[in-house]
Amino acid sequence: MTMEAATDHDSEEDEGKPLVLFAIEPHSYAQAIGSTIAHLRPGLDVRFVKPEDLVAEMERRTPALVFCDGPRPEDCDAAVRWAQFSPYDEPEVVRVDGRAERFPGLGLEDLLEVVDRHSGDGDATGYGPPFG
Amino acid sequence: MIRWTPGAVQWLTSVPTKERKPVDRTALMKILMVEDHVFFSQALELVLGRRLSEGLLGLATFHRAATVEEGLRLVAEASPFDLAVVDLMLPDGDGTEVVRKIKAYWPETRVAVLSSIEDLSGALEAGADEAIRKGTGLPEIVARLERLASGEGRTRA
């Protein structure tokens with residue numbers, strides 16, 4: 001299984017934080033988004049995982065939020081928020097638990113907004129996006 | 001203003017202390033990013049910019065385009081660039097056109113193409129100095145762009 005943490009944080013410390021998983025192809029996209037969100041939301045445990053390893057990782061530890069380019073599995077834990085994002089098929093749409101949210105010119109600040117609303121991160125600073 | 005949290009993303013941005021040299025903060029590196037996935041362009045700017053400023057090359061300014069048309073306009077109006085990073089699959093055409101234009105007028109500009117497609121030979125024939133597949137991990141992408149920005153030789157995808 002290929003799973004990488006987005007930060008150099010101690011794993012024990014991360015266990016208490018809401019887990020956000022990124023399982024988007026290409027892998028560099030998952031890493032790019034995840035790394036940036038990890039920068040800006042230190043209250044989250046952000047990890048990238050290959051889509052084929054997602055189920056196993058979710059069994060290891062239940063995430064608060066999953067970003068995936070595929071639909072939510074039918075047997076997925078109801079407590080998990082599922083954000084379907086397909087950069088090549090629908091570059092301006094994020095489907096959260098099946099409901100489409102459209103973001104014209106989707107940027108990092110939009111993805112950060114989705115994370116803030118659905119990750120359960122009580123430490124989200126709420127300050128504006130990093131890119132003007 | 002970006003607020004950096006201590007220790008975050010060290011695997012992407014750390015440069016061993018012994019390798020660091022005094023940086024000329026007055027020499028801004030000018031980088032063109034032609035990429036239609038804005039979030040990826042933003043994230044790459046963030047990581048690459050940080051890497052360059054912590055390393056040997058100083059601060060960088062980024063100029064963004066999301067289409068071939070915008071890319072060509074920036075090449076015409078804002079050149080020369082030190083480095084250009086061009087996605088081959090753009091909404092209004094093939095990024096190879098941007099590569100060709102840059103190399104025709106500013107051959108000293110170092111050009112890297114990024115793409116999800118397998119065959120990058122056309123971009124290399126057009127003059128690109130680096131061809132990187134997006135399936136490559138982000139640390140490798142950033143490392144190769146940094147090497148290219150520093151003036152090191154061309155590598156294959």
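Contact here means heavy atoms within 4.5 Å. With that in hand, take chain B. Among its contacts between residues at least 6 apart in sequence, 70% join residues at least 24 apart. One caveat before going on: this is a predicted model.

Let me stay with chain B for the overview. It has six helices and seven strands. Along the sequence, the pattern reads α-β-α-β-α-β-β-β-α-β-α-β-α. The chain has 157 residues, and 50% of them count as buried.

Which order do the strands take? In chain B, five strands make an open sheet in the order 2-1-3-6-7, with parallel pairing. Strand 2, residues 60–65, and strand 7, residues 130–133, stand at the edges. Each has a single partner strand, so one side of each has no neighbour in the sheet. On average, neighbouring strands are turned by 20° against each other, direction ignored.

Look at one pairing inside that sheet. Strand 3 of chain B, residues 83–87, runs parallel to strand 6 of chain B, residues 110–115, and five bridges join them. Within this pair, Leu83(B) stands opposite Arg110(B).

Two helices deserve a look here. Helix 2 of chain B, residues 38–54, packs on the sheet. It touches strands 1, 2, 3 and 6 of chain B, and its direction makes about 165° with that of strand 2. Helix 6 of chain B, residues 138–149, lies across strands 1, 3, 6 and 7 of that chain. Helix 6 runs at about 170° to strand 7 of chain B.

Thr61(B) sits in strand 2 of chain B. Glu45(B) is 16 residues from Thr61(B) along the chain, and their C-alpha atoms are separated by 9.1 Å.

Next, backbone geometry. Most residues other than glycine have a negative phi, and most peptide bonds are trans. Here are some exceptions. The bond from Glu25(A) to Pro26(A) is cis, with omega near 0°. Pro26(A) is in the loop between strand 2, residues 19–23, and helix 2, residues 27–40, of chain A. In chain B, a cis peptide bond joins Ser79(B) and Pro80(B), with omega about 5°. Pro80(B) lies in the loop between helix 3, residues 68–78, and strand 3 of chain B.

Where does a positive phi turn up in a residue other than glycine? At Asp97(A), where phi is near 50°. Asp97(A) is in the turn of a hairpin formed by strands 6 and 7 of chain A, with two residues between the strands. Asp97(A) is partly exposed, at 36% relative accessible area.

Four bridges join strand 6 of chain A to strand 7 of chain A, and Val93(A) stands opposite Arg102(A). On the other pairing, three bridges join strand 5 of chain A to strand 6, again antiparallel. There, Phe85(A) has Val94(A) as its bridge partner.

Now helix 4 of chain A, residues 108–118. Which of its residues are buried? They are Leu108(A), Asp110(A), Leu111(A), Leu112(A), Val114(A), Val115(A) and His118(A). An α-helix has 3.6 residues a turn, so residues three or four places apart point the same way. The buried residues of this helix pack against helix 2 and strands 4, 5, 6 and 7 of chain A, together with helix 2 of chain B. After helix 4 comes Gly120(A), with a positive phi near 75°.

Last stop, the surface. Tyr88(A), Met89(B) and Ile117(B) make a nonpolar patch of about 240 Å². Ile117(B) comes from the loop between strand 6 and helix 5, residues 121–125, of chain B. Ile117(B) is partly exposed, with a relative accessible area of 33%.

Conventions. Residues are numbered from 1 along each chain as its sequence is written. Chains are lettered from A and ligands numbered from 1 in the order in which they are written. This is a predicted model: local features need pLDDT of at least 70, side-chain atom pairs count only at pLDDT 80 or more; totals for chains, interfaces and linings use all residues. Side-chain values use heavy atoms; hydrogens and water are left out. Two strands pair if DSSP finds at least two bridges between them. Axes are lines fitted to C-alpha atoms, for helices over the stretch in contact, and angles run from 0 to 180 degrees between N-to-C directions. Buried means under 20% relative accessible area, exposed over 50%, partly exposed in between (1.4 Å probe, protein chains only). Patches are made of residues with over 30% relative accessible area and no salt bridge: like charges are joined within 9 Å, nonpolar side chains (Val, Leu, Ile, Met, Phe, Trp, Tyr) within 5 Å. Accessible areas come from the Shrake-Rupley method with a 1.4 Å probe; for residues, only the protein chains shown count as cover. A salt bridge is a side-chain nitrogen of Lys or Arg within 4 Å of a carboxyl oxygen of Asp or Glu.
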